Amino acid sequence: MRLPPVIRRPCGSLLIEVSLGMWLAAMLALLLMRASLLALGSNQWTIMQTFTDAYMTREAALANRLPMADLVAANSPWPNAGAGEARFEAIVSLGRLAGGTEVTGRIVRFRVNSAPEVAAVGEGAPDLDIWRLHSVLTYQVGEQSYVKSRTILRTQ
């Protein structure tokens, strides 16, 4: 019995096939990496929005629970902007990202007297204190700078 003849491939064709396979695998890996980075980028935006919204909610809660006597005091957390350029400014921590990177922002607080000018018609004119408490948070994502603000109305 006779064996069939062995078909020989030209030398180097295996090397070309392996090279094409490696190139295809590398392109597929780059496409998957790009897709995962795009997904992480939008996730980072969501995380930053959550951090800043939570901090501004804390600011609103503090403004609402602060007693009026402490609010109008000389060392108030919301200085009176009507008395010049008085403002409270501080660098605050908004949270930490997954790698342990701390996210910070700059908070600016001030208050404005919004009481209407009431002409005293007679005895017993209402003594009304209306304050607008402003909290302005400035933070950065990459190269872009963003601002969030909350205004709380307090009356007495």
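This is a predicted model: local features need pLDDT of at least 70, side-chain atom pairs count only at pLDDT 80 or more; totals for chains, interfaces and linings use all residues.
Helices and strands are taken here as DSSP runs, numbered from the N terminus. On this basis, Q156 is placed in the segment after β4. In the protein chain, two helices and four strands are assigned, and the elements follow the order α-α-β-β-β-β from the N terminus on.

Of the 156 residues of the protein chain, 23% count as buried. The accessible surface amounts to about 11500 Å², and 61% of this area belongs to carbon and sulfur atoms. Among contacts in the protein chain with a separation of 6 or more, 54% are accounted for by residues 24 or more positions apart.

Contacts of this kind are illustrated by Q156. Its C-alpha atom is separated by 7.5 Å from that of M68, a residue 88 residues apart from Q156 along the chain. When residues up to four places away in sequence are not counted, Q156 touches M68, D127, L128 and D129.

Aromatic side chains were examined next. Ring pairs are assigned where the centres lie within 6.5 Å, and by this rule the count comes to two aromatic pairs. In the pair of W45 and Y146, the ring centres are 5.2 Å apart and the planes stand at 65°, so the arrangement is edge-to-face. W45 belongs to helix α1 (residues 13-65) and Y146 to strand β4 (residues 144-155); the pair therefore ties together parts that are 101 residues apart in sequence. W45 is partly exposed, with a relative accessible area of 37%, and Y146 also counts as partly exposed, at 27% relative accessibility. Together with Y139, W45 and Y146 form one aromatic cluster.

R109 lies over the face of W78, at 4.8 Å from the ring centre. R111 is positioned over the face of W131, with a distance of 4.6 Å from the ring centre.

A nonpolar surface patch of about 740 Å² is made by W23, L24, M27, L30, M33, L37 and L40. One of these residues, M33, is found in helix α1. M33 counts as partly exposed, at 46% relative accessibility.

Technical notes: Residues are numbered from 1 along each chain as its sequence is written. Side-chain values use heavy atoms; hydrogens and water are left out. Rings of Phe, Tyr and Trp (its six-membered ring) pair if their centres lie within 6.5 Å; planes under 30 degrees apart count as stacked, over 60 as edge-to-face and the rest as tilted. Buried means under 20% relative accessible area, exposed over 50%, partly exposed in between (1.4 Å probe, protein chains only). A charge sits over a ring if NZ of Lys or CZ of Arg is within 6 Å of the ring centre and within 35 degrees of the ring normal. Contact means heavy atoms within 4.5 Å. Patches are made of residues with over 30% relative accessible area and no salt bridge: like charges are joined within 9 Å, nonpolar side chains (Val, Leu, Ile, Met, Phe, Trp, Tyr) within 5 Å. Accessible areas come from the Shrake-Rupley method with a 1.4 Å probe; for residues, only the protein chains shown count as cover. A salt bridge is a side-chain nitrogen of Lys or Arg within 4 Å of a carboxyl oxygen of Asp or Glu.
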